[in-house]
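The exercises below are meant to be worked through with the sequence and the structure side by side. Try each task before reading its solution.

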Amino acid sequence: MSKKESNLKNMLLALFAITLIASASLGGIYQLTKEPIEAARLEKKNNAIRQVIPEFENTPTAETYKKAVDGDTLYFYPGRKDGELVGTAVESFSNQGFSGEIRIMVGILPGGIIDDVAVLYHEETPGLGDKMQRNKSDWGMQFQDVDPESFDLQVKKDGGDVDAITAATISSRAFCDAVKRAYEAYVNIENK
Amino acid sequence: MEYIIIIISAIFVNNIVLNKFLGICPFIGVSGKIETSIGMSGAVLFVMTIATLVTYLIQNYVLIPFGIGFMQTITFILVIASLVQLVEIILKKVSPSLYQALGIFLPLITTNCAVLGVAIMAGQQDLNLMESIVFAIANSIGFGLALITFAGLREHLELADVPAAMKGVPVAFVVAGLLAMAFMGFAGLV
Amino acid sequence: MNQLANFTKGFIRENPVFALFLGLCPTLGVTTTAINGMGMGLATTFVLLMANIVVALIKDFIPDKVRIPSFIVIIASFVTIVELTMQAYLPSLFDALGLFIPLIVVNCLVLGRAEAFASKNNLLSSAIDGLGMGLGFTFALTLLGAVREILGSGSIFGLKFIEGDGILIFVLSPGAFIALGYLIMIMNKFKKKEA
């Protein structure tokens, strides 16, 4: 196929040249796309934050603080308006999902009331566990305006106050686990 | 204990072929006979484990420290391609009959998405060195399990009375779907 | 063959998925919706086209013994370019396609065309081959994605036409295999009629 002889010098030269050009081009593209990628990542996070806490004027992701919990990290994004804290978005997780890890965002008002919840990531079964997504059903809305001091964050089957998703008890349990984790860590920090 | 979870998850719950859809080309191509399937599974076990080990080292000692994570795809695939060459050379010497039997499918391990996929997944799940190796071995066992089971099914299909348009690949896919459905029963095990 | 035949062969006669059975992993893995199938198909088409062009251009400078590793580096570079660009400008599609984007590099279709066609033909033919095969691949993926989405979610390209869920098995792994099996069967009958 080629007019070049397959001796060692030519082979090494060809491979070296190709790899060099490839690496250089990729390095260039990487530099070009570094910022847009970071921006896209932040945008996704900000969208979730906007969904779970009231309107804010600051940049919550710029004021992130974190806490190591249960072998992983929770991230806290405070939202402020006119200098006042309007709510804190807590990025939480649970490893007890039917298909693995679930990551959610829980919005907690300064009084300790849960404002809203949003799903960031899950691999639960479509049509069952995925009903935790707001675009699939209103199931998550039962967590709105909830005070965990009086509302037991467990599924009714376990003696709590949460209505589980029909036929998706495990996913529901995991979701509660994540919400509880967020709330307890938040309270823990507040009380320090 | 963690290792048991990794193993059961990789072989049954998240079976690399039937659940993650990696390694389909050899799955369809080699599963005609049980013998070749066993040979292919063995070769994949070898390549996948060593590839995951080497790529783990590259990821953690070269790519991340130097901030060139974007070179992951290129470096990983080059490692895999080299390893397959190595296996070919070794196999030719050690077992020429198996080498003949595997034919074109041996170099095709390079393009086996399962090998590259497992290497990338081990990095994504942040496994340590020992966990990555266990993960790789377990996944290749899962691959072998799916492949050999499927080969058994196909050998029976050869003797069945299948409508002309369905013969060969189409009916194989439908049967694979049923096999995948069976494996879904393992969900929730871990 | 003339360029028109070169371009159209990838759609039915030599369709990568339905006739040549290449690139099956992403075919099954991402076709839960039509738009995902289309996105993956187009990303692969880009890599296929660019790789075919580059290989056709520099084929005379690559010694025969190192052609496979060279092709791999070239293909892997374009895949990384797609990865980075998609991550930056189409993040939701990037999340949906996930692991299968870097896996384009091991898509037997891409390496196969570089080896079987671009290394032996001129620039124009290689480019058209890449484009035709890529679009044929996109057609197959979009079709399978549409079938699975209509049956499984009761929607098409994101527009729902029924309340609630469809036959969910189709958006899960068994459904992928079964739907593809039946599609290939239909294509077989179609090809028989053509011949």
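**Exercise 1.** Find what share of the contacts in chain C with a separation of 6 or more comes from residues 24 or more positions apart, and then describe the chain as a whole.

*Solution.* Begin with the contacts, where two residues count as touching if their C-beta atoms, placed from the backbone, lie within 7 Å. In chain C, residues 24 or more positions apart account for 73% of the contacts with a separation of 6 or more. The model is a predicted one, in which local features need pLDDT of at least 70 and side-chain atom pairs count only at pLDDT 80 or more, while totals for chains, interfaces and linings use all residues. Residues are numbered from 1 along each chain as its sequence is written, and chains are lettered from A and ligands numbered from 1 in the order in which they are written.

Next, list the elements, taking helices (H or I, at least four residues) and strands (E, at least two) as DSSP runs numbered from the N terminus. Chain C has eight helices and two strands, and from the N terminus on they run α-α-α-α-α-α-α-β-β-α.

Then turn to the overall dimensions, using the radius of gyration over C-alpha atoms and the globule rule of 2.2 Å times the number of residues to the power 0.38. For 195 residues a compact globule would have a radius near 16 Å, and the 17 Å of chain C agrees with that. Along the principal axes, the C-alpha atoms of chain C fill a box of roughly 60 × 45 × 25 Å.

Finally, consider burial: a residue is buried if 20 or more other C-beta atoms lie within 10 Å of its own, exposed if 12 or fewer, and partly exposed in between, with C-beta atoms placed from the backbone. Of the 195 residues in chain C, 61% are buried.

**Exercise 2.** Locate A:Asp70 and A:Asp145, and decide whether each is buried or exposed.

*Solution.* A:Asp70 sits in the loop between β1 (65–69) and β2 (72–81) of chain A. Its phi is near 50 degrees, a positive value in a residue other than glycine, and A:Asp70 is exposed, with 12 other C-beta atoms within 10 Å. A:Asp145 belongs to the loop between β5 (114–121) and α2 (169–190) of chain A. Although A:Asp145 is not a glycine, its phi is positive, at about 55 degrees, and A:Asp145 is exposed, with 12 other C-beta atoms within 10 Å.

**Exercise 3.** Describe chain B, and work out how α3(B) and α7(B) are oriented to each other.

*Solution.* Chain B comes to eight helices and zero strands. The radius of gyration of chain B is 17 Å, close to the 16 Å that the globule rule gives for 190 residues, so chain B is as compact as a globular protein of that length. Of these 190 residues, 48% count as buried.

For the helix pair, axes are lines fitted to C-alpha atoms, for helices over the stretch in contact, and angles run from 0 to 180 degrees between N-to-C directions. The axes of α3 (residues 34–63) and α7 (residues 129–159) of chain B come within 9 Å and cross at roughly 165 degrees. Angles under 35 degrees count as roughly parallel, over 145 as roughly antiparallel, 65 to 115 as roughly perpendicular and the rest as oblique. The two helices, α3(B) and α7(B), are therefore roughly antiparallel to each other.

**Exercise 4.** How many residues of chain A are in contact with chain B, and with how many residues of chain B?

*Solution.* Six residues of chain A are in contact with five residues of chain B. On the chain A side, helix α1 (residues 8–52) gives the most, with three residues.
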